Amino acid sequence: MKIILAINSFINFKSSGINKLGGIEDSNLNLANNFLKLGVNVKIACKIKKKIKFGKLTIIPTNYLLSKNLSQFCDILICSNTNKYFNKQKKIIKILWLHNQLQIEKSIRKNELLSIFFNKPYCVFVSEYLKKITSSLYPFKSRLVIPNGCSGLFLNNKRKKFIKPIFVWTIRRDKGLSEIINMWSSFVFKKEPSAELHIYGLTNNFSKKILEYYKNIGIKFFGIVNKKILANKYSYSTAMIHPGYDETFCISALEAQASGLPILTFNRTALSERVVDGVNGYKVYSFQEMSKKVLELINNKPLHKKLSNNSIKLSKKYSWEIIALSWYQYLKKIELDYSY
């Protein structure tokens, strides 16, 4: 089995950038490295200028996929969120790995709709939610859900003995953030002035005066940071606040869960698939209800410990070793069917 995982983006393989990867790039790297452990011949293609080695992985430019007959180099081509590399390729298995919604209008605008109809790839979704909202008009050979995994950095993250009343936001979009800040300033801070809201993933555009005001009520901005810094912060934080808007999987929440953080979210999109209300977090229906759960987790230590332990326990089934094995078994089945 020879596989190429194709990503339609640039990856910075320097140590300063590798731990700041987005979810799609990080997932491809983790899947590839775990394929190697299973003895699979795998390469990653992304937008780089020349072929390089990254550990035991071979990384090739995506331009190779447009200029060469890939049947000489691979049996299976797995493309994340794009069909452009399937064109003109014959005698190989083509799999579209969907991490985000593939809207009809967008696929027409990006000239990918015809490619789907022509190539009829297999399709793997990262969540049941994503599978559900993807149009049935796409002529995929099959539709299967294989969730993303969680890296060992977070699965092996040890909880500190003393937990601080810190709640973390790690979304790279600001939708819902103004409501969370308002909830914090008007309710949480007044009830628990020692509690803090730490916001990662966003570049703030606030004046120094506003930032100072936020800091005085426990709201702090940290921008995009190395994942090791996040893992350390999770190890002594109380919970993650994640409204769950527009989430087709949400790796950041899984990483938090693996580190022992219950998730406070609304009952929507793919994130709700991994939050069991009252078991490893809470599904709430208003910001007012969310603020009450924040206070409950701060003040009820036995409850928090139970939810924290459950978060860790339930996240174990998302180790990349398990997810890669699911992929491997799926690909072996496809190879068998394809040979007939």
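Helices here are DSSP runs of H or I with at least four residues and strands are runs of E with at least two, both numbered from the N terminus. This is a predicted model, where local features need pLDDT of at least 70, side-chain atom pairs count only at pLDDT 80 or more, and totals for chains, interfaces and linings use all residues. Residues are numbered from 1 along each chain as its sequence is written, and side-chain values use heavy atoms, with hydrogens and water left out.

View A. Is α11 enclosed or open? Eight of its eight residues are buried, so α11 is largely enclosed by the rest of the structure; buried means under 20% relative accessible area, exposed over 50%, and partly exposed in between, using a 1.4 Å probe on protein chains only. The buried set reads I251, S252, A253, L254, E255, A256, Q257 and A258. Their cover includes α2, α7 (152-155), α10, β12 (239-241), β13 (263-266) and α13 (301-315), with contact taken as heavy atoms within 4.5 Å.

**View B. Where α11 meets α13.** Two packed helices are described by the angle between their axes and the distance between the axes. Here α11 and α13 pack at about 115°, their axes 7 Å apart. Axes are lines fitted to C-alpha atoms, for helices over the stretch in contact, and angles run from 0 to 180 degrees between N-to-C directions. On the α11 side we find L254, Q257 and A258, which meet S311, I312 and S315 of α13. By class, this contact has three nonpolar, three polar and no charged residues. In that scheme Ala, Val, Leu, Ile, Met, Phe, Trp, Tyr, Cys and Pro count as nonpolar, Asp, Glu, Lys and Arg as charged, and the others, Gly among them, as polar.

**View C. The six-stranded sheet.** This open sheet runs in the order β11-β10-β9-β12-β13-β14, with parallel pairing; two strands pair if DSSP finds at least two bridges between them. At the edges sit β11 (219-223) and β14 (281-284), each pairing on one side only. From one strand to the next, the twist averages 25°. Strands β9 (residues 166-169) and β10 (residues 196-200) run parallel and are joined by four bridges, with F167 partnered by L197 in β10. Two bridges link β12 and β13, also in the parallel sense, and M240 stands opposite I263 in β13. Along β13, I263 and T265 point one way while L264 and F266 point the other, and all are buried.

**View D. The eight-stranded sheet.** Its pairing is mixed and its order is β3-β4-β2-β1-β5-β6-β7-β8, again an open sheet. The edge strands β3 (52-54) and β8 (143-145) each have a single partner, so one side of each is left without a neighbour in the sheet. Neighbouring strands are turned by 25° against each other on average, direction ignored. β3 pairs with β4 (residues 57-61) in the antiparallel sense over three bridges, and T58 in β4 is the bridge partner of K53. Lying across β1 (2-7), β2 (41-46), β3, β4, β5 (76-80) and β6 (93-98) is α2, which runs at about 170° to β1.

View E. How big is the largest pocket? Its volume is about 680 Å³. Among its 32 lining residues, G22, G23, R172, I251 and S252 are the closest to its centre. Helices α2 (23-37), α10 (227-234) and α11 (251-258) each supply at least two lining residues, and the lining has 12 nonpolar, 13 polar and seven charged residues. The search also finds one cavity of 30 Å³ or more; the largest cavity has a volume of about 40 Å³ and is lined by I171, R173, K175, H242, G244, Y245 and E247. On a 1 Å grid over the protein atoms alone, a cavity is a set of points where a 1.4 Å probe fits but cannot get out, while a pocket is an open set with protein on both sides within 12 Å along at least five of seven lines; lining residues have an atom within 4 Å of a point. Points are joined across faces, edges and corners, and a volume is the space filled by probe spheres set on them.

**View F. Two loop residues with positive phi.** Most residues other than glycine have a negative phi. K120, not a glycine, has a positive phi of about 45° and lies in the loop between α5 (113-119) and β7 (122-125). D246, in the loop between β12 and α11, has a phi near 60°.
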